Amino acid sequence: MAEQSLAAAVDPTAEPEPTAEPEPATGADGRTAAFGEKLRRLGEAAAVPLLALFASLVAFGLFMLALGFNPLEVYELIWRGAFGSYFSWQNTLVRAAPLILAALCTALPARLGLIVIGNEGALVIGGVAAAAAGLAVDTAPPLVVDLVMAAAGMIVGGLWIGAVGALRHFRGINETISSLLLAYIAIALMNHLVEGPMRDPSSLNKPSSYAIPDAAMIGPMPGTNVHWGLAFGVIFAVLSYVLIERTTFGFAARMVGGNERAARMAGLNVGRLILVVCFLAGAAAGLAGMVEVAAVTGRANASLAVGYGYTGILVAFLARQNPLAVIPVAILLGGIGASGGLLQRRLGLPDATVLVMQGIIFVMLLMSEGVVGRLNLFQRTRDG
Amino acid sequence: MTKDVAVSRRAVSRRTVLGGLSAAAIAATPLRAAFAADLVVGFLYVGPRDDYGYNQGHAEGAAAVKQLTGVKVLEEEKVPETNAVEQSMESMINLDGATLLFPTSFGYYDPYMLKLAAKYPNVTFRHAGGLWQEGKAPKNAGSYFGYIDECQYLSGIVAGHTSKSGKLGFVAAKPIPQVLRNINAFTIGARMVNPKATTQVIFTGEWSMPVKEAEATNTLIDQGIDTLTCHVDSPKVVIETSEHRGIFTCGYHVNQQPLAPKGYLTGAEWNWSKVYVDMVNLMKAGKPIPNFLRGGIKDSFVQTSAYGPAVADATRKATDAVKQSMMTTDYVIFKGPLKDNKGNDLIAAGKNYGQTDLWLEKMNWLAEGVIGATS
């Protein structure tokens, strides 16, 4: 993976950030100008990714054409499989649910300038912790069981990524490498626990922990078959957005991301910021693991490590590390996943087809960072 | 209309366990309209269809079903063992009208398939490897599997005859009953013809992890092992690496002879084509598919690969004789006296565990002669 382009994606200069803040216009029309400026930036922030998305659809269409498929038919199927009906929408949202929480694990530390890619580890270990905690209190009322599970998943996931932040801050260890390595450790630990101390002897060919009580299983949201994990993800994302964009804490965090040394000079407690944000990031992924156990599998087992964490990294980068943008991007990727089956069934395309499409979108979005600030439509024309 | 018409025309049997033998009773109930539209059958695989292994075995079965008239086959590969499989099956039902589904991976069964079976009582679900239990699981659900350890036992006999050092190797995924049963059957077979033979086993911990599989293979060969077999989702890496290192191999899942033209001895293969075609034909005829379906070599659920060039004539004869007795009698692999590899007595002299014995489905031990541990 091109590290430079990854770095570019979190580079705060690529964001419509304070550095690009225009001088407040003087005179009577100052307010209007400021509003126009805001609109311009919002327009650019939305138009550039959409343009990249369109370009990737053209590129993927050419790829399909080269393979002898009608791109329009392919897109029609993708639409039908992902968004074409109520059933398809639910299918998409079910797949998007774990991705939102998993993506926040990368998106939050990115605002501090940290590239954390150990989402899978925090998700897995959070899921195991949630299962263990739920089993420890399985005679309690269902709501208590769920709360204990959520707390356990978030705390353990938070400590897992918090440790990454601590290693980075106190020992200077690269957080990208350490978080990735910790993910392997988490998966190995999970395998050891569900195949050993936590194993339900009746789980013969798929080693698993004992099941949490049926009554404690988190059901679907009313009128849908989408579980409540989706709502948790949306709430967590919105709260993260408010925290990062609308509070002094978030401002301080972004300042560390912009220039750590300057932030230190300004008297900010950088260590505390790193530890807290990393803890929140891990808590998001840990909650995703808890939801997998409490809403999907009912047990901890290898189904926790199926790559939601890794897809979450992709979602975070596509959302340009904006916690709010994580939601639509997760839905887009959920939709692509949901339609993958239909492409396989109707056109006989291999599963890798949707991976190719995801890859093209990813590359196009990274490339699109280059046009930010260069589209005339969105540039200021009056002042200089 | 006898009870097991469809399971096999050749030889059906005490060994094919029919769920509650209630087939005949259910057959008397009104038949579904079989000739309306095409029967839509869905297959779901956990890995790629062309993995030279577990998934390819099932995909070959699906390909055989495609040849039938009046049947439309849907396939989806690389479906993870999460609610994604639930979504994929539901999508097959809702968007494509599937009425018969074969989710083929262990982890699909509980809770995903069971949940959907309860939600869609008019769709028939049959799972590869699960343990369908009367009363516990819905009536429209069921499971099927093959006693492939019989073929591993035959592979063991060939390996025991052919190996010069008597040191055999086994690259295994996880220490679960189905894998342990293969390791033990292979070892018992080898030690029947060469009592000094041992099987060194390495567990990789994952169903599909090519790097670890290659490492395990090389490590085993470095220790002087000259005949190797495996139980992972795709044996491709193990077989190809062994061929490059110039040792003998026994295949698994499908025929890997093309990957190792020199060292391939024989192999344990699924014969899903027969199993799937039989089940689909039952469905087309409006007859019920047994809820619990198992079979071995005798029932053609499994088969062995043709012998490779390195297998001596005497070995072929000796192995064919055992195979012949499997075809015609209730051959017992797991019989006393048998110790585990820690020296404990497992099966007392005179005690037999036939293939259908549920005790074998809970296997958690390694037989004497296996070097390795389950945890």
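Buried means under 20% relative accessible area, exposed means over 50%, and partly exposed is in between, with a 1.4 Å probe and protein chains only.

Before that, some ground rules. This is a predicted model, where local features need pLDDT of at least 70, side-chain atom pairs count only at pLDDT 80 or more, and totals for chains, interfaces and linings use all residues. Residues are numbered from 1 along each chain as its sequence is written, chains are lettered from A and ligands numbered from 1 in the order in which they are written, and side-chain values use heavy atoms, with hydrogens and water left out.

Now the cysteines. Cys230(B) has 0% relative accessibility, so Cys230(B) counts as buried. Cys151(B) is also at 0%, and counts as buried. How many disulfides does a search of the whole structure find? Zero, over all chains. A disulfide would be a pair of cysteine sulfur atoms within 2.5 Å. The closest cysteine sulfur to that of Cys230(B) is in Cys250(B), 9.7 Å off, which is too far for a bond. For Cys151(B), the closest one is again in Cys250(B), at 11 Å, too far for a bond.

Next, salt bridges. The rule is a side-chain nitrogen of Lys or Arg within 4 Å of a carboxyl oxygen of Asp or Glu. Let's take a few.

Look at Glu260(A) and Arg168(A). They form a salt bridge, with the closest N and O atoms 3.5 Å apart. Glu260(A) sits in helix H10 (residues 260–265) of chain A and Arg168(A) in helix H6 (residues 142–171) of chain A, so the pair ties together parts 92 residues apart in sequence. A word on labels: helices (H or I, at least four residues) and strands (E, at least two) are DSSP runs, numbered from the N terminus. Glu260(A) is partly exposed, at 26% relative accessible area. Arg168(A) is partly exposed as well, at 27%.

Still in chain A, Glu245(A) forms a salt bridge with Arg254(A), closest N and O atoms 3.8 Å apart. Arg254(A) counts as buried, at 17% relative accessibility.

Over to chain B. Arg245(B) pairs with Asp222(B) in a salt bridge, and here the closest N and O atoms are 2.7 Å apart. Arg245(B) is in the loop between helix H8 (236–244) and strand S10 (248–253), while Asp222(B) is in helix H7 (residues 210–222), 23 residues apart. Is Asp222(B) buried or exposed? Exposed, at 56% relative accessible area. Arg245(B) is partly exposed, at 36%.

One more from chain A. Glu37(A), Arg40(A), Arg41(A) and Glu44(A) are linked in a network of salt bridges.

Now a sheet. Two strands pair if DSSP finds at least two bridges between them. Chain B has an open sheet of three strands, in the order S5-S6-S12, with parallel pairing. Strand S5 (127–128) and strand S12 (292–295) of chain B stand at the edges with a single partner strand each, so one side of each has no neighbour in the sheet. Strand S6 (residues 143–146) of chain B is joined to S12(B) by four bridges, running parallel. Within that pairing, Phe145(B) has Arg294(B) in S12(B) as its bridge partner.

That's the tour. Thanks, everyone.
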